[in-house]
Amino acid sequence: MTLRGENLIGAEARRGTEAAFRAVEAATGRALEPDFPGADRGDLDRACALAEAAFDTFRETDPEARAGFLEAIAANILDIGDDLVTRCMAETGLPRPRIEGERARTVGQLRLFAGVVREGSYVEARIDPALPDRKPLPRPDLRLRRIAVGPVAVFGASNFPLAFSVAGGDTASALAAGCPVVVKAHPAHPGTSELVGRAIQKAVAACGLPEGTFSLLFDAGQSIGQGLVADPRIAAVGFTGSRRGGTALMAIAAGRPSPIPVYAEMSSINPVLLFPGALAARGAAIGKAFAASLTLGAGQFCTNPGLILALPGPGLDAFLEAAGAALRESPAATMLTPGIQRAYREAVARVAGHAAVTRIAEGAEGGATQGRATLFAADSDVFLADPELQEEMFGASGLVVRCADFAAMRAVLERLEGQLTASLHLAPEDHAAARDLLPLLERRVGRILVDGFGTGVEVAHAMVHGGPYPATSDGRTTSVGSLAIDRFLRPVSYQDVPDALLPAALQAANPLGLPRRIDGTPERR
Ligand SMILES: NC(=O)C1=CN([C@@H]2O[C@H](COP(=O)(O)OP(=O)(O)OC[C@H]3O[C@@H](n4cnc5c(N)ncnc54)[C@H](OP(=O)(O)O)[C@@H]3O)[C@@H](O)[C@H]2O)C=CC1
Ligand SMILES: O=C(O)CCC(=O)C(=O)O
C-alpha cells in the first residue's frame, strides 16, 4: 500500500501545508519516505466541524450498526496485511512477533467493544415509573440513559503503535460510546498511523456513517494537538505518554471557557513486592521472570516493573543473582525514538550517579539507537530521602529497594505516588503480611496482581489499566478493557417525557432490546 503523507479529514485525504516531517527508521536513524506535511489551522477546524456535525447522527446509530462499524475497522486493519507489520517494525524498532501480537490485540479490542455495544448494559438504561398516588407527593416518571459526551481528541502513543494509537483503546472505546474521534498522530510512527487511519476512513464510508466520524491529523510540532484540546467542539481527550505532555494538555483543557476531561495515562514505576516465603521457595525463578518483564519491548511499557521491594536474606540474594545474570546476558534493544533513547540514558545516568545507589547488573552496551538494561539497588532510607528515585526511567531499568522489615516496606509504599500496578510474589506463609499491605496498595494502584508482572495488559471486562495520579489524570477510570467506555459517556435523565419523544433506549416497548433496570431491578425480557 502506498503511503501519501496525507491528513485524513472526514472523507477527504489532504496534504498539509505546514512544516513536513518524516518517520525515522528506529534501528538506523535513517529518514523514511514519504514526507508528512503538517495539518494547518484550517484542517483542524474542518476536522472538528465535521466531527461536531457527525455527532448527533453517529451517537444515535443503532447497536448493530455501531458494532458492525467497529468490526469493519478490525477487518480493514487485517486486510492491510504485511505492509502494516513491516512499516510498523521499521518505524518503532519493535520485532515482528510483538507487532503481530499487538495487531491481534488491537483487532480483538475493537471486537470486544462491538460486543459491548451489542450487549447494551453500558447505556445504563433505568426506569423509575411514575407513582401518581404516592403520599405525600406523587413521584414523576424518571428514565435515565447514558449518551456519548461529544467529539473526542485522541493522542496516539509512541510505545504501542497499534493498540494505543490511531485505532487503539481510546479510539475504540470512544467510537463504541458514540463519539466521533479526531486523532493527532504520534510523529514516531506516521506511516503506521496513515495505514490504520485509512482503514478507519474506509469503514466509515462502507458503513454509511457521517464522514466526520473520524479524522486523522499530522503535525511536526505541538500546535495541532494543543489546538485540538482547546477547540470548543472537542468534549474529551484520550492520551498516553509522558507526565509532562499529559499535564500540559490537562492545563489547556482546564483553562478552556468550558473545561473538559483529559484521560491521560502517564508515568508509573509499578512496585513489585517480593515476600520472604516466595523468595525462599523460588527467588532465582522470580529473578529470571523479572528480568524478562523488565526488558520486554526495550522496557518501553508503562507497566514496566521499575521498583522492587524486598527484605534482605538469602532469598533476595538468589533473586538478585538470577536477575543480574539474565540482565547481563540481555542484548541492547532498539528504542522507539532518539528522544526516548536520550531520555532513558539520562535517567539511568542520574540514578547511577547517586552516591548511595549501587549498580547490580548491566546488559550489553549497544549502539546509538539502543538502550541497555540496568538494575540498581538501594536501602529504603535512601529511597525515602530522595523523591527523584521514584521518577520513571522509561526503558529497561529497575531499582531494588532493600527494606529492613515490613514497616520499612510500608513506609516506602506510603511515600509512593499513584501507580498502574503492584505485583506481589507470595508463598502461603506470606499471606498474613500481604493482607496487611493490601488496603494500602488498593489506595495507591489500579491493578494488584500475584505471582506475575504487570506487562502485557489483558483486554477484558474486569481489567483496570489506570490508577491514581500521576499514573493517570483520573484514577476513577481505565484506558483498557470494556470499562474504558465509561470515560466517554454521561447520564441524562428524562422526567415525564412522553413515550413518543423518548429515545428508543427508554421507550416502553424497549425496541433496542437493551438490558434495563425498573425501579432498580433488572427488567424481565
Ligand atoms: N508511561 C507511559 O506510558 C509512557 C511514557 N512515555 C514517556 O514520554 C517520553 C516521551 O515519549 P512520547 O511518547 O513522545 O510522549 P510525549 O508525552 O512526549 O508525547 C505524546 C504525544 O503528545 C504530544 N505532546 C506532548 N506534549 C505536548 C504538548 N505540551 N502540547 C501538545 N502536544 C504534546 C506529542 O507530540 P510531540 O511529539 O510533537 O511533542 C505526542 O504526539 C518517554 O521518554 C517516556 O518518558 C512515553 C510513552 C508511554
Ligand atoms: O503492558 C501493556 O500491555 C500496556 C502497557 C501500556 O499501556 C503502555 O506502555 O502504555
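## Where the two domains meet

Let's start at the boundary: one salt bridge is counted between domain 1 and domain 2. The pair is Glu417 and Arg243, whose closest N and O atoms sit 2.9 Å apart. On the side of domain 1 that touches domain 2, the residues split into three nonpolar, four polar and four charged. Keep in mind as you look around that this is a predicted model.

Which stretches make up each domain? The assignment gives 4–17 + 31–265 + 474–486 to domain 1, and 269–448 to domain 2. Their C-alpha centres are 33 Å apart. Eleven residues of domain 1 are in contact with twelve of domain 2, and about 830 Å² is buried between the two, with carbon and sulfur atoms giving 59% of that area. There are also two residue pairs in polar contact across the boundary.

## Salt bridges elsewhere

How many salt bridges does a search of the whole structure find? The count is 32. One of them joins Glu91 and Arg87, at 2.8 Å from N to O. Both residues belong to helix H3 (residues 82–92), where they are four residues apart, or about one turn of the helix. Glu91 is buried, at 1% relative accessible area, and Arg87 is buried too, at 13%.

Another bridge pairs Asp486 with Arg146, again given as N to O, at 2.9 Å. Asp486 is in the loop between S20 and S21 while Arg146 is in strand S6, so this pair ties together parts that are 340 residues apart in sequence. Asp486 is partly exposed, with a relative accessible area of 31%, whereas Arg146 is buried at 17%. There's also a network of salt bridges that links Asp56, Arg59, Glu60 and Arg145.

Thr472 lies in the loop between S20 and S21. Is Thr472 buried or exposed? With a relative accessibility of 6%, Thr472 counts as buried. Its neighbours, leaving out residues up to four places away in sequence, are Ala264, Glu265, Met266, Leu420, Gly466 and Gly467.

The side chain of Thr472 also reaches the backbone oxygen of Asp474, at 3.2 Å. Asp474 has a partner of its own: its side chain meets that of Arg476 in a salt bridge (2.9 Å, N to O).

## Buried spots to look at

Val123 is buried, with 8% relative accessible area. Setting aside residues up to four places away in sequence, Val123 touches Arg145, Arg146, Ala505 and Leu514. Val123 and Leu144 are 21 residues apart in sequence, and their C-alpha atoms are 8.8 Å apart in space.

Glu194, in helix H6 (residues 190–206), counts as buried at 0% relative accessibility. Beyond residues up to four places away in sequence, Glu194 touches several others, including Thr2, Arg4, Phe36 and Phe218. As for helix H7 (residues 223–230), its buried residues are Ile224, Gly225, Gly227, Leu228 and Val229. What covers them includes helix H1 (41–59), strand S7 (152–155) and helix H8 (243–254).

Most residues other than glycine have a negative phi, and most peptide bonds are trans. A few places here go the other way. The peptide bond from Lys135 to Pro136 is cis, with omega near 5°, and Pro136 sits in the loop between S5 and strand S6 (142–148). The bond from Tyr469 to Pro470 is cis as well, also with omega near 5°. Pro470 belongs to the loop between strand S20 (445–450) and strand S21 (489–495).

What about positive phi values? Asp496 has one of about 55°, although it is not a glycine, and Asn510 has one near 50°. Asp496 lies in the loop between S21 and strand S22 (516–518), and Asn510 is in the loop between S21 and S22. Asp496 counts as partly exposed at 49% relative accessibility, whereas Asn510 is buried at 10%.

Notes:
Residues numbered from 1 in each chain as written. Chains lettered and ligands numbered in written order. Predicted model: local features only at pLDDT ≥ 70, side-chain atom pairs only at ≥ 80, totals over all residues. Heavy atoms only, no water. Domains from an automatic or database assignment. Contact = heavy atoms within 4.5 Å. Buried area = accessible area lost by both parts, 1.4 Å probe. Salt bridge = Lys/Arg side-chain N within 4 Å of Asp/Glu carboxyl O. Polar contact = N/O pair within 3.5 Å; in protein donor to acceptor, adjacent residues only side chain to side chain. Nonpolar A, V, L, I, M, F, W, Y, C, P; charged D, E, K, R; others polar. Buried < 20%, exposed > 50% of the residue type's maximum accessible area, 1.4 Å probe, protein only. Helix = DSSP H or I, 4+ residues; strand = E, 2+ residues; numbered from the N terminus.
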